[in-house]
Amino acid sequence: MTAPSHHPSALLRLADFSYRRRRLMLLLWLVALVGLSIVGKALAGDHSMSFSTPGAESEKAQGLLATRFPAASGESVNVVFEADKGVRDPAVQARVDKLLADVGKIGHVESVISPYSPQGAQQISPNGKIAFARAQLDVSYKDDFPVTEARHMITLAKAASGDGLHVAMSGFAIQFAEQPKFGSEGLGILAAVLILLISFGSVLAMGLPILTAIVGLTIGTALIGLLANVLEVPDFAPLVAAMIGIGVGIDYVLFIVTRYRTSLQTGHEPYEAVMTAISTSGRAVLFAGCTVIISLLGLFVMNLGFLRGLSLSCIAVVLVVMLASTTLLPALLGFIGKTIDRLHVPFVAKKVTGDRTTLSYRWSRVIQRRPLPFALVCAAVLIGLAIPLTTLRFGFPDAGSNPKHFTSRQGYDLMAKGFLPGVNGPLLLVVEGKGDLQRVSQQVAAAKGVAFVAPPVLSPDGGVAMLPTIPRTGPSAKETEQLVHRLRDDVLPAATAGSSMHVYVGGSTAASVDSTEYVTKRLPLFIGAVIILSFLLLMVVFRSILVPVKAAVMNVLSITAAYGVISLAVKGGWFGGLFGINEPVPVPSFVPMMMFAIVFGLSMDYEVFLLSRVREEYSRTRDNASAVADGLAATARVITAAALIMITVFLAFVLGEDKVAKVIGLGLATAIFVDATLVRMVLVPATMELLGDANWWLPKWLDRLLPEFHVEGESEEELEAELRELAHDDAAKVH
């Protein structure tokens, strides 16, 4: 009787090809790295971000502006200047007139309203020291922001400053043109080098995850630049993608290389060790990567352009890292072979597996002796961290949150100093229909929170009017958000009662309010979908009901604790000051959603890696307590190193200047820290001890319905059979 044929999986065939043709594979990656870097830099599109929201009132207002006021429907840029001698000084006016003439020649500038013209008479502050000119662009916030032209404006402003004249720029176009300062990636990688040296104890073993992360980040960044030509990619997308790319790139290779070293230590030859590592840890890496991608694709349900661009930017980096982990890494291991432990760091153990002498095993036994008190205390800590979440305020930070050396921040401050903060974000009231326009203007001007209503501007056909309205507070202030709702719900319905008029509150500030509400309302639905997905995936993998339920609850506890920490930080004060957030700042509504998607995928890595080992031990011994302790001991070193790397990478971005990046980095670092310490080291052993054998209960009828998926890979016998099949195929090709 002939033995059954074991056909190698596509993953194993790919690893086999990469190992045997390693010179070719390395050459292909070098060509891709250099080629895409050059092409990506040459053909990169401009970053853009739209606040437009499907069906929102601000979107309707923008539509009317675009059709009835084409010259006024675009974005505007404020050229703000302060003069020691006063802005009416002849020498100052001559310099400003020349600057405004140069600004008027820039592409996309439709017109420039000078404060020295009759039309701009209100654009000079009462003390005569500060004034601004309004440059009207022919593109709106719905379109690509003119980044190149905006940067040219910034250059002109800097050149015009000096000798008692300070010139700055403000407006959304300028704000988005000032890209956040990059460089935190290097700090994250440096921290990862130190952690890997301590974890691996080998310079060669340390270099593989770092190299893969750099390759993934470089190629991924080039792909993001190309995506910006066809998608709405926000300016912070490369930064977020870099966070994820460095983290998963190092994590995934760390898992595979750890398994490779273990196989070498058990007597396997390098080829067999590579195949074993790819068929086990490599399979888990692909599963983990797919969970990250699936969760990021969930952002598409929001139907917002910038979230689609952000999602695909992060997915591009994750895909490159996954491909590098399963092709480039086997090729590099083929070159390194058994020398991976050379250049060893003194005082670091070479053994990569855990046993019952480790601190992790002893700690697990401590938890298991009193599981209920530990579980209750840990849950109380997590809930306590989450409580500040109730005061978290959503919104888009305005230029007043930017670093003080940004020209957009300087322009914002000058406008607020010379006039009112609300001048930085006027509301555009678009009036359609027939009625008493003067009555509407008077009632809006009398409303609480309104500083000034400009005279109405009629469209060329006379069918639509525009009322520029200046709030007393800044664009991102809570009072401005309340004003938008007050106008829509109370003031405008009363002012238009008995007429056919309808007034839409629009403009960039109203659009950001609408976008925030749109995303916030859908946040629970999105989180619920991710939780259900995680439950189904873990149920298939671990053939259990309670394990995925427990994992879902713990994921919620981890992420809500992170939200609570974020809520404390964005209030400013001493805690926010630790992270460079000295003033209160709202949190963009997409940040919690994006964090949940990312943390779900990353925590799934650790969940699968730990629980698969626990499940393996339980299947062998049927002793739940020992399986949990042994599983924790066997995986603690690599998971701790991976989590620590993630935390340091994310915290490195807190050192940057961009407030959104700070919030994202702090939130992700907190979530990973909580997941890797309180959850994995306390809640997991405590709850699994309390549940006992019920951890692995699954109704037989459900077991029959679920598909089979072994994330841990094939058995040793099956792997050997597949390797023999590969060897047979190679021999056949030779002959």
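Which residues in α4 meet which residues in α5? I began the entries with this pair.

**Basis.** I worked from a predicted model, in which local features need pLDDT of at least 70, side-chain atom pairs count only at pLDDT 80 or more, and totals for chains, interfaces and linings use all residues. Residues are numbered from 1 along each chain as its sequence is written, and side-chain values use heavy atoms, with hydrogens and water left out.

**Entry 1: α4 and α5.** I found that Arg95, Leu99, Asp102 and Val103 in α4 meet Met153, Leu156, Ala157 and Ala160 in α5; contact means heavy atoms within 4.5 Å. By class, this contact of α4 with α5 has six nonpolar, no polar and two charged residues (Ala, Val, Leu, Ile, Met, Phe, Trp, Tyr, Cys and Pro count as nonpolar, Asp, Glu, Lys and Arg as charged, and the others, Gly among them, as polar). Helices (H or I, at least four residues) and strands (E, at least two) are DSSP runs, numbered from the N terminus. I noted that α4 (residues 90-104) and α5 (residues 147-160) pack at about 165°, their axes 10 Å apart. The pair is therefore roughly antiparallel (under 35 degrees is roughly parallel, over 145 roughly antiparallel, 65 to 115 roughly perpendicular and the rest oblique). Axes are lines fitted to C-alpha atoms, for helices over the stretch in contact, and angles run from 0 to 180 degrees between N-to-C directions.

**Entry 2: α1 and α11.** I looked up helix α1 (residues 10-20) against helix α11 (residues 305-336): the angle is about 40° and the axes are 7 Å apart. The two helices are therefore oblique to each other. The contact of α1 with α11 comprises seven nonpolar, four polar and no charged residues.

**Entry 3: the sheet.** I recorded an open sheet of four strands in the order β2-β3-β1-β4, with antiparallel pairing; two strands pair if DSSP finds at least two bridges between them. The edge strands, β2 (109-113) and β4 (165-170), each pair on one side only. Strand β1 (residues 76-83) is joined to β3 (residues 130-137) by seven bridges, and Val77 has Ala135 in β3 as its bridge partner. Helix α14 (residues 407-418) lies across β1, β3 and β4, at about 105° to β4.

**Entry 4: Ile195.** Ile195 and Ala641 are 446 residues apart in sequence, yet 6.6 Å apart in space, C-alpha to C-alpha.
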